[in-house]
Amino acid sequence: MLVRLIGVPFDGMGRKRGQAGAPAALRAAGLESALSSRDISPRPDLPVPGARAERDPESGLLNGRALLSMMRELHAELSASISAGQFPLVYGADCSVLLAAIPALRDTVGEPGLLFIDGHEDATPMERSPVGEAANMEIAVLLGTTGEGLPQPFSRAFGALKPDALVMLGPHDHAWRHELGVDSVAGRVVVRSSEEVAADPARSAREAVRRISSHASNWWLHTDLDVLDERDFSARGAPGEVPLAGGLTWQHLEEVVRAALRTGGCRGLSLVIYNPDLDADRSQARRIVQFVADIAPDLP
Ligand SMILES: [Mn+2]
């Protein structure tokens, strides 16, 4: 399949640059040549309005205007690309890109599934979110447990994913959730902690994809790089944010993603959370690009 590269210069916290700087930094580090073995179609970055580090008065969402615009533009871009038989690779931004990706899958190829590789469960209900950041609650919105009554394009994402069609690999956010009083979704959704995944990454991935495929006709592969151990990857989040203890190594992550892709049925991929402001010498951008080169042979 032709790989369509879609850069999303969006920062969910509404910072001037932050994760919005990721697409340009990753391209400067060689992202496109990392895919040189593949037929690629780079596109101009998605247009995203200027950031505002405040909650939208109507929706309560942080940087709400840019978020809703990003969701609309990305849904249109992904729908066109999937309908054309291409494989979209979304990079930059944060986990809120799933609020466009999962509805786009459903609207083009039917019942969507999600392999969710992330350090957090991202299922905070709206009313428990301290700042209204969509990237902490996109899973709850997709499962239809929060965000009811929000306007389009949110309503398109609300309930778009069935719990059986979702597997989470790598969460290690117990302490973070505990502070907010947010329960784990492990009772409703299959969740494999980072310790479990690290014990046999390829097997975890194959089991996850088999389960998802038995409940969905196609699936999306999402990687939030905060699934990695802080020592392997630190250019994420905000300065001063409480780091998560534990996490996967780059080697684990590569094994998980390659085994998942080889199991088949993947229709698109997102790679999010890189913050170039925390990567002065760009060594972490180069490591991400190396990871993309390593998984490139297994893309459909
Ligand atoms: Mn996440």
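This is a predicted model: local features need pLDDT of at least 70, side-chain atom pairs count only at pLDDT 80 or more; totals for chains, interfaces and linings use all residues.
The protein has 11 helices and eight strands. Its C-alpha atoms fill a box of roughly 45 × 40 × 40 Å along the principal axes. A compact globule of 300 residues would have a radius of gyration near 19 Å, and the 17 Å found for the protein agrees with this. Of the 300 residues, 55% are buried. Among contacts between residues at least 6 apart in sequence, 76% join residues at least 24 apart.

Nonpolar side chains tend to be buried together in soluble globular proteins. In this model the largest nonpolar core has 102 residues, and the members that touch the most others are L26, V97, A101, I102, L115 and A260. Helix α3 (residues 64–83) gives this core its largest share, eight residues. Apart from neighbours within four places in sequence, L115 is in contact with V167, A208, V209, I212, W219, L221, H222 and A260.

Next comes strand β5 (residues 166–169). Side chains alternate between the two faces of the sheet in a regular strand. In β5, L166 and M168 lie on one side, V167 and L169 lie on the other, and these four residues are all buried.

Which strands pair with β5? Strand β4 (residues 112–117) pairs with β5 in the parallel sense over four bridges, and F116 stands opposite M168. Strand β6 (residues 190–192) also pairs with β5 in the parallel sense, over three bridges, and V191 in β6 is the bridge partner of M168. Between β5 and β6 the chain passes through helix α7 (residues 174–180), forming a right-handed β-α-β crossover.

Key: Residues are numbered from 1 along each chain as its sequence is written. A nonpolar core is a set of buried Ala, Val, Leu, Ile, Met, Phe, Trp, Tyr and Cys residues joined through C-beta atoms within 7 Å. A residue is buried if 20 or more other C-beta atoms lie within 10 Å of its own, exposed if 12 or fewer, and partly exposed in between; C-beta atoms are placed from the backbone. Helices (H or I, at least four residues) and strands (E, at least two) are DSSP runs, numbered from the N terminus. Two residues are in contact if their C-beta atoms, placed from the backbone, lie within 7 Å. The radius of gyration is taken over C-alpha atoms; the globule rule is 2.2 Å times the number of residues to the power 0.38. Two strands pair if DSSP finds at least two bridges between them. A crossover is right-handed if, with the strands pointing away from the viewer, the path from the first strand over the helix to the second runs clockwise.
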